[in-house]
Amino acid sequence: MMLRNGRFGTYSLCGALGLVLLVTACTTAPVSGRRQLILVSPEQSTALGVEAYQQIKQQTPIVRGTQEARMVERVGAAISKVVEGAEGFEWEFTLFRDETPNAFALPGGKVGVNTGLFDVAKTEAQLAAVLGHEIGHVMARHSAERMSRDMATQLGLSVLGAATQSQEMVGLVSNAATLGVSLPFNRSQESESDRIGLIYMAKAGYDPRAAVDLWANFAAVGGERPPKFLSTHPLPEDRIERIKQHLPEALAFYKGN
Ligand SMILES: [Zn+2]
């Protein structure tokens, strides 16, 4: 059962499960102010993110010292500097040798960019749009939110019926962890990250209008079989439309305007 698609909204889930679990389960996403149900502590999700990142770094060739690798580090550093509420994060921006135009972010500030992304991110500002978006996922704790939804689904009636054994909880967390790093985000999380990313890139000195160009490039390479990054994300036309709606909000933070 997918709770997020059911008749229970996040708000009522927050109330019910928050009370039952006797934890502060509700937080608020940055920029959008959306209420979120999060049952995983920042420490737990950071630990999972760091572990998953370590595994990816062992399995995928890393590119260092090239112009592109330096750009990834430079843009990543510029954006992570303007982000608020990232205390305790050790930001890392790694370029991986992989021709798929893709990027990803893990809890705790671990970000990866594939070399293939440069086929669509053709300027530094377009790369900033990607990294702003990925950092948006991190700051809005989208992975933890997804894990929490899975946990809430699994806990279901057992939580309402009886006190949850802590061992059971640990099992659920580790099970959800696997899903947490391998499943795509949902569309509302993607849109939220777009909006947050626009503001982050603008604050870091990059023209947020570059995000529109980036998504137009993505759409152009899409063809009949869109690249993975695209297929797990909203339709490019919808996405560009929504980005345009949020541009004025972001441009207010852009000093080069
Ligand atoms: Zn995304």
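**Exercise 1. Which helix gives the most to the lining of the second largest pocket, and with how many residues?**

Work on the predicted model shown above.

*Solution.* 
- Start with the pocket. Its volume is about 470 Å³.
- Next, the lining. There are 27 lining residues.
- Then sort by element. At least two lining residues come from each of α2 (42–59), β5 (103–106), α4, α5 and α7 (187–203).
- Finally, pick the top contributor. α2 leads, supplying 4 residues.

**Exercise 2. Describe the lining of the second largest pocket by residue class, and name the residues nearest its centre.**

*Solution.* 
- Count by class. The lining holds 14 nonpolar, 8 polar and 5 charged residues.
- Now go to the centre. Gly85, Phe89, Val138, Met139 and Arg141 lie nearest to it.
- Assign classes to some of these.

**Exercise 3. Is Val31 buried, partly exposed or exposed?**

*Solution.* 
- Locate the residue. Val31 belongs to the loop between β1 (26–28) and β2 (35–37).
- Check phi. The angle is positive, about 65°, although Val31 is not a glycine.
- Apply the cut-offs. Buried means under 20% relative accessible area, and exposed means over 50%.
- Conclude. Val31 has 34% relative accessibility, so it counts as partly exposed.

Terms used:
Residues numbered from 1 in each chain as written. Predicted model: local features only at pLDDT ≥ 70, side-chain atom pairs only at ≥ 80, totals over all residues. Heavy atoms only, no water. Buried < 20%, exposed > 50% of the residue type's maximum accessible area, 1.4 Å probe, protein only. 1 Å grid on protein atoms, 1.4 Å probe; cavity = no way out; pocket = protein on both sides within 12 Å on 5 of 7 lines; lining within 4 Å. Points joined across faces, edges and corners; volume = space filled by probe spheres on them. Nonpolar A, V, L, I, M, F, W, Y, C, P; charged D, E, K, R; others polar.
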